[in-house]
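Here is a short report for a reader new to this structure. Please have the sequence and the model side by side.

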Amino acid sequence: MSEHEPPLPESAEPARVAAQVSSADWEGRARELFGIPSLRPWQRAAVEALLCGPGRVLAVAPTGGGKSLCYQFPATELGGTTVVISPLIALMEDQVRALTARGIAATFLASTLDFAELRAREHALGSGGVRLLYVAPERLASERLVSIIERIRPPLLAVDEAHCISQWGHDFRPEYLRIGETLERLRPPRVIACTATATPAVRAEILERLRLGSGTAVLVHGFARPNLHLAAVEVDGSGRRRTLVASELKTALGTPDRPKGAAIVYAATRRAAEELNRFVSEHGWQSAAYHAGIDPETRADVGARFAARELDVVVATNAFGMGIDRPDIRAVIHAHAPGSIEAYYQEVGRAGRDGEPAKGLLLSSLADIGVRRRLIERGTDGEPADPAQVERQWRLFRELLSYVEAGSCRHDFILRYFGDEQEMLGGCGHCDICLRLGGAADEPGARAVCPGDVEVVRKALSGVARNRGRAGLHAVAEMLIGHGSERLSRMGLDLTSTFGILEGRSKDWTLSLLRRLISAGLVDVTASEYPVPYLTTRGHAVMTGAEPVRVLVPEAARPRPRSRSERSSSPVSASPSSSAPKTAQPVDTDLFDRLRAVRLAIARERGISAFIVATDRTLREMAATRPTTMSALAQLHGMGPSRLAAHGERFLAVLLAEK
Ligand code: ADP
Ligand code: ZN
């Protein structure tokens with residue numbers, strides 16, 4: 001698929017009715033046909049864009065937000081047969097049933113139908129009486145079907161779950177790639193793509209692969225859940241995890257004899273779900289475990305008892321979710337980090353459906369990172385996972401880790417992630433970060449942004465501005481802390497006024513500050529092979545003081561007691577061996593030796609060469625920068641995701657023991 005092909009022609013024929021009717025008429029007919037009180041403003045915008053606008057729409061709204069109406073209603077207005085591409089047969093059946101019940105002629109073609117039924121349905125299409133035809137994407141491989149669709153000349157083509165076309169999304173389906181070609185051939189005058197999850201990158205990919213063109217109306221709405229009180233806490237062991245689960249249940253539900261509503265606790269594995277369920281039950285809650293390893297009857301029973309309010313808590317893996325519509329869920333607690341922000345938001349979004357305040361608490365620990373990596377690599381159905389898929393899922397998980405690490409409003413973080421910027425609040429006022437920024441007195445660790453921190457944020461932003469698109473994050477961090485190197489002087493960064501402006505901070509700390517500025521939307525990075533940071537418009541406003549600083553700076557690492565070797569011998573510079581570039585920071589040779597010993601042990605255990613475990617350069621950087629989190633470790637030269645997942649914890653154990 002070349003990028004240079006022209007987009008499909010915009011509305012080749014005018015909509016049959018658009019000229020005569022105003023949106024007030026649509027409103028009335030939509031209400032009548034679908035039994036809704038009124039069209040939501042963005043639904044109206046979508047309908048309008050299809051019926052008399054550019055004829056191209058990308059609608060992004062959460063599940064249940066009302067996306068299907070955006071093509072079902074225009075289909076009834078346009079006449080002819082609108083074609084809907086939808087990946088789930090069960091969903092197609094549901095929609096066809098619901099439409100038929102409303103007196104709208106609809107049908108679907110899928111491999112579950114027998115031959116005679118398929119032929120009969122295809123035949124019925126010829127009469128033109130069917131308003132909506134649902135097809136599964138894999139059916140587009142059938143030349144017969146595509147030529148039938150070509151003949152019926154659909155006035156509108158809808159692509160549901162459009163994120164499945166994105167190789168960078170969380171749910172890529174190869175058969176979706178065929179849709180682009182099909183559109184090219186059919187050239188329908190109107191196209192709408194719908195999805196519940198599409199980050200800006202995924203949206204761009206959908207637009208490109210469906211060749212929707214730049215005039216497409218992109219409508220992103222409904223992600224804000226201001227009644228959710230979000231918080232994320234990094235824990236260092238299962239004891240702390242349990243304590244927090246217990247105290248959160250108590251805060252959210254009160255006492256087990258008179259609970260106010262319900263809670264869901266999500267765990268990463270079946271075993272963890274079972275264990276936590278025992279723990280929660282011991283605290284007196286009516287609780288049950290739910291995961292795919294439990295027989296279907298028991299699972300259905302748990303679902304029914306939860307719905308009937310006989311259970312207060314379900315401790316589950318992500319298998320629990322479909323069809324939960326208890327409005328009084330007061331807390332969704334993740335005992336372990338979930339796989340992506342999409343997954344997290346879908347799960348936490350089950351809390352507070354009644355609009356009353358509800359808590360979303362996400363606990364994570366270093367061990368979760370290894371667990372997630374194993375889950376990702378295990379693949380599905382016993383098949384080994386496709387490496388490209390592993391890479392994608394790992395990337396999505398790293399985004400989730402950046403949510404955990406964020407130093408700015410969690411609510412706004414999520415809206416920015418989904419691109420629903422219109423609903424951003426500039427601080428929700430009640431997530432854990434906003435509470436700390438606002439210094440709410442009853443919040444443990446409460447602190448307003450102190451003037452020193454404000455200064456630090458502004459200094460870091462001005463460093464990014466002075467970089468003027470020259471260097472990557474590592475070099476900018478080195479420039480900020482004033483670590484001169486050949487690399488910096490080559491780019492002239494040692495001569496900027498911001499060189500050394502954050503002197504005294506570690507590179508690791510500075511990188512984590514820069515990551516917070518990125519997740520707060522103040523700094524962005526270019527999409528080039530070597531990402532270069534730059535200031536966003538908001539970042540510029542914050543730097544100049546036009547907007548307040550609403551970012552927590554990372555905690556400073558505790559001062560480290562000097563190790564024996566440091567007291568006896570002065571730190572030495574990196575040994576100028578072979579091709580390794582000089583590190584400006586002093587390397588603790590004692591630590592370096594201990595890291596090498598761990599490397600050797602791992603190499604022996606696994607029967608692999610030491611350099612496969614980690615290169616000397618990686619270990620030298622490790623000894624110099626002393627990272628203490630997995631994400632900081634991930635920043636080291638040569639520490640890719642598979643090395644990180646396989647050996648990261650072993651190295652961290654050594655580094656943490658240093659603290
Ligand atoms: P999505 O496709 O985004 O998952 P649906 O289109 O299936 O969501 O809509 C979910 C529910 O919301 C349906 O029961 C639908 O009737 C209802 N709904 C859709 N639009 C509106 C509206 N404007 N007002 C009230 N309810 C609506
Ligand atoms: Zn907030």
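The report covers the model, a strand, aromatic rings, charges over rings and a surface patch.

## The model

This is a predicted model, where local features need pLDDT of at least 70, side-chain atom pairs count only at pLDDT 80 or more, and totals for chains, interfaces and linings use all residues. Residues are numbered from 1 along each chain as its sequence is written, chains are lettered from A and ligands numbered from 1 in the order in which they are written, and side-chain values use heavy atoms, without hydrogens and water.

## Strand β2

Strand β2 spans residues 82–85. Helices (H or I, at least four residues) and strands (E, at least two) are DSSP runs, numbered from the N terminus. Both faces of β2 are covered. Thr82 and Val84 lie on one side, Val83 and Ile85 on the other, and all are buried. Buried means under 20% relative accessible area, exposed over 50%, and partly exposed in between (1.4 Å probe, protein chains only).

β2 runs parallel to strand β4 (residues 132–135), joined by 4 bridges. Two strands pair if DSSP finds at least two bridges between them. Thr82 has Leu132 as its bridge partner in β4. β2 also pairs in the parallel sense with strand β5 (residues 157–159), over 3 bridges. There, Ile85 stands opposite Val159.

## Aromatic rings

Rings of Phe, Tyr and Trp (its six-membered ring) pair if their centres lie within 6.5 Å; planes under 30 degrees apart count as stacked, over 60 as edge-to-face and the rest as tilted. The count comes to 9 aromatic pairs. Phe34 and Phe73 form an edge-to-face pair, 6.5 Å centre to centre with 80° between the planes. This pair links helix α1 (residues 23–34) to helix α3 (residues 69–78), with Phe34 and Phe73 39 residues apart. Phe34 is buried at 7% relative accessible area, and Phe73 is buried at 0%.

Tyr403 and Phe413 have ring centres 5.5 Å apart and planes at 70°, so this pair is edge-to-face. Tyr403 lies in helix α14 (residues 387–405) and Phe413 in helix α15 (residues 410–418). Phe223, Tyr345, Tyr417 and Phe418 form one aromatic cluster.

## Charges over rings

A charge sits over a ring if NZ of Lys or CZ of Arg is within 6 Å of the ring centre and within 35 degrees of the ring normal. Arg410 has its charged end over the ring of Tyr403, 5.3 Å from the centre. Arg326 lies over the face of Phe306, at 5.1 Å from the ring centre.

## An exposed residue

Phe611 lies in helix α24 (residues 610–613). Phe611 is exposed, at 55% relative accessible area.
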